[in-house]
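Please read the following note with the model open beside it. The points are numbered so that each can be checked in turn.

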Amino acid sequence: MRLKLKLKTVFVLYFMVSLLGLVYALMQLGQRCDCTEHDIIKDRTISRLRGDLQKLQEEVKRSDTTKAPKKTHLPTIYVITPTYARLVQKAELMRLSQTFLHVPQLHWVVVEDADQPTALVRNLLAESGLTYTQLHILTPKDRKLQEGDPSWLKPRGAEQRNEGLRWLREMGSASRGQHGAAVENAVVYFADDDNTYSLKLFEEMRYTQGVSVWPVGLVGGMRFESPVVDGGKVIRFHTGWRPNRPFPIDMAGFAVSLHLVLTNPDAVFDGDAQMGFLESSFLQGIITMEELEPKADMCTKILVWHTRTEKPKMKREDALQKQGLGSDPNVEV
Ligand code: UDP
Ligand code: MN
């Protein structure tokens, strides 16, 4: 009983003291004080912070408008992509651009198969957040596949890749001396717009000295095609067709140093090359099989796939269009 009483008293006392403390604190809050000095310090801090904020905002604006390249020691990867207008073009380029956004120090060189640059590609690039260059060159009619031709009849994208090479050489000679090292360390990769690329692939190719190589999945009627490596050197190629071609590798299966591109100004893709010889037409003048640099765990990992996009069927669209009820042509797809 006594103990209970005591506890109760303690609680009551505790409650009273807390209440008094609270009341005192509230009274202090409401009271006027001579805070002029306090206010001056506060005002000064606020205006200093405002100044700092403004400076930072200006700096951000400046770096946005000049798009100053970030200082980095990573070699630049120039990715050359031929592309042409068709229903799936925007989807292909969107997928690629969003892969490339994850790759540091990448410069996308998009070469349209067109007689002038298109708004679709221009807008997509402008909104991509990537560092890029938009080029164009129309494939001459006699070199272009016609409707109904089998896909293997003529090489595709040759003119466009050569236009990319021409731009690189022009840029390379213009900036020689100025950013010498940056240009010389850079790497060139030919990435078609319909393939699938692992981010790891770009780190594999980044320190290419001459020509680096790796397997390509789902190509040439095979699960994969690949250089075969022994003792760190490429000794032959795993392919289902004419393994004795000079370089039986797909476009997606190699990267070349910009140095090699610049020191071999005549190395280009031969648009008239026989089927399967386009890659060889470019590579045979600049490198030998023994000199190839095997990547992707000595060519045992697949980091790029030669996927091909199905042409969408427009049966219902065509039918509706005949009735004047087709999808709005002003909507970009
Ligand atoms: N391409 C082009 N013009 C064409 C056909 C293709 O610029 O008339 C481009 C295409 O966008 C791709 C590359 O060339 O980036 C290779 O074409 P495709 O993927 O059709 O060839 P495949 O995969 O059958 O070798
Ligand atoms: Mn393709």
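1. Which residues does Arg161 touch, not counting residues up to four places away in sequence? They are Ile80, Pro82, Arg156, Phe190, Asp192, Met251, Phe269 and Leu278. Please keep in mind throughout that this is a predicted model. Arg161 itself is found in helix 5, which covers residues 158–174. Its relative accessibility is 3%, so Arg161 counts as buried, since that term applies under 20%.

2. The unreviewed UniProt entry places the feature "binding site" at Pro82, Thr83, Tyr84, Asp113, Arg156, Arg161, Asp192, Asp193, Asp194, His306, Thr307 and Arg308. From this set, the lining of the largest pocket takes in Pro82, Thr83, Tyr84, Asp113, Arg156, Arg161, Asp192, Asp193, Asp194, His306 and Arg308.

3. Asp194 deserves a separate point. Asp194 is located in the loop that runs between strand 4 (187–190) and strand 5 (196–197). The "binding site" annotation of the unreviewed UniProt entry covers this residue. In the model, the manganese ion (ligand 2) is coordinated by Asp194 (OD) and Asp194 (OD), at 2.2 to 2.5 Å.

4. Is Asp194 buried or exposed? Asp194 has a relative accessible area of 16% and is therefore buried, the limit for that term being under 20%. When neighbours within four places in sequence are left aside, Asp194 is in contact with Glu92, Arg95, Thr307, Arg308 and Thr309.

5. The backbone oxygen of Asp194 lies 2.8 Å from a polar atom of the Thr307 side chain. Thr307 belongs to the loop between strand 12 (304–305) and helix 11 (315–322). Its relative accessibility is 23%, so Thr307 counts as partly exposed. Apart from neighbours within four places in sequence, Thr307 is in contact with Asp194, Asn195, Thr196 and Leu218.

6. How many strands does the open sheet have, and what is their order? The open sheet has 7 strands in the order 3-2-1-4-10-6-11, and the pairing is mixed. Strand 3 (131–136) and strand 11 (293–294) are the edge strands, because each pairs on one side only. In general, the strands of a sheet pair through backbone hydrogen bonds, either parallel or antiparallel.

7. Individual pairs show both senses of pairing. Strand 1 and strand 2 (residues 106–112) run parallel and are joined by 7 bridges; Thr81 stands opposite Val110 in strand 2. Strand 4 and strand 10 run antiparallel, with 3 bridges between them, and the bridge partner of Tyr189 in strand 10 is Ala255. Strand 6 (residues 211–213) also pairs with strand 10 in the antiparallel sense, over 3 bridges. Here Ser212 stands opposite Ala255.

8. Which residues of strand 10 point one way, and which the other way? In strand 10 (residues 254–257), Phe254 and Val256 point one way, Ala255 and Ser257 point the other way, and all are buried. As a general rule, the side chains of a regular strand alternate between the two faces of the sheet.

9. Pro75 sits in the loop between helix 2 (36–66) and strand 1 (77–83). With a relative accessible area of 9%, Pro75 is buried. The C-alpha atoms of Pro75 and Ala182 are separated by 6.6 Å, although these residues are 107 residues apart along the chain. Not counting residues up to four places away in sequence, Pro75 touches Gln105, Asn185, Ala186, Arg206 and Tyr207.

10. Ser226 is buried, and its relative accessible area is 5%. Its side chain reaches the backbone oxygen of Cys299 at 3.4 Å. Leaving aside neighbours within four places in sequence, the contacts of Ser226 are Pro215, Phe237, His238 and Cys299.

Conventions. Residues numbered from 1 in each chain as written. Chains lettered and ligands numbered in written order. Predicted model: local features only at pLDDT ≥ 70, side-chain atom pairs only at ≥ 80, totals over all residues. Heavy atoms only, no water. UniProt positions renumbered as here; feature names shortened; annotations may be inferred. Helix = DSSP H or I, 4+ residues; strand = E, 2+ residues; numbered from the N terminus. Buried < 20%, exposed > 50% of the residue type's maximum accessible area, 1.4 Å probe, protein only. Contact = heavy atoms within 4.5 Å. Donors = N, O, S within 2.8 Å, 3.2 Å for Na, K, Ca; no water. 1 Å grid on protein atoms, 1.4 Å probe; cavity = no way out; pocket = protein on both sides within 12 Å on 5 of 7 lines; lining within 4 Å. Polar contact = N/O pair within 3.5 Å; in protein donor to acceptor, adjacent residues only side chain to side chain. Pairing = 2+ DSSP bridges.
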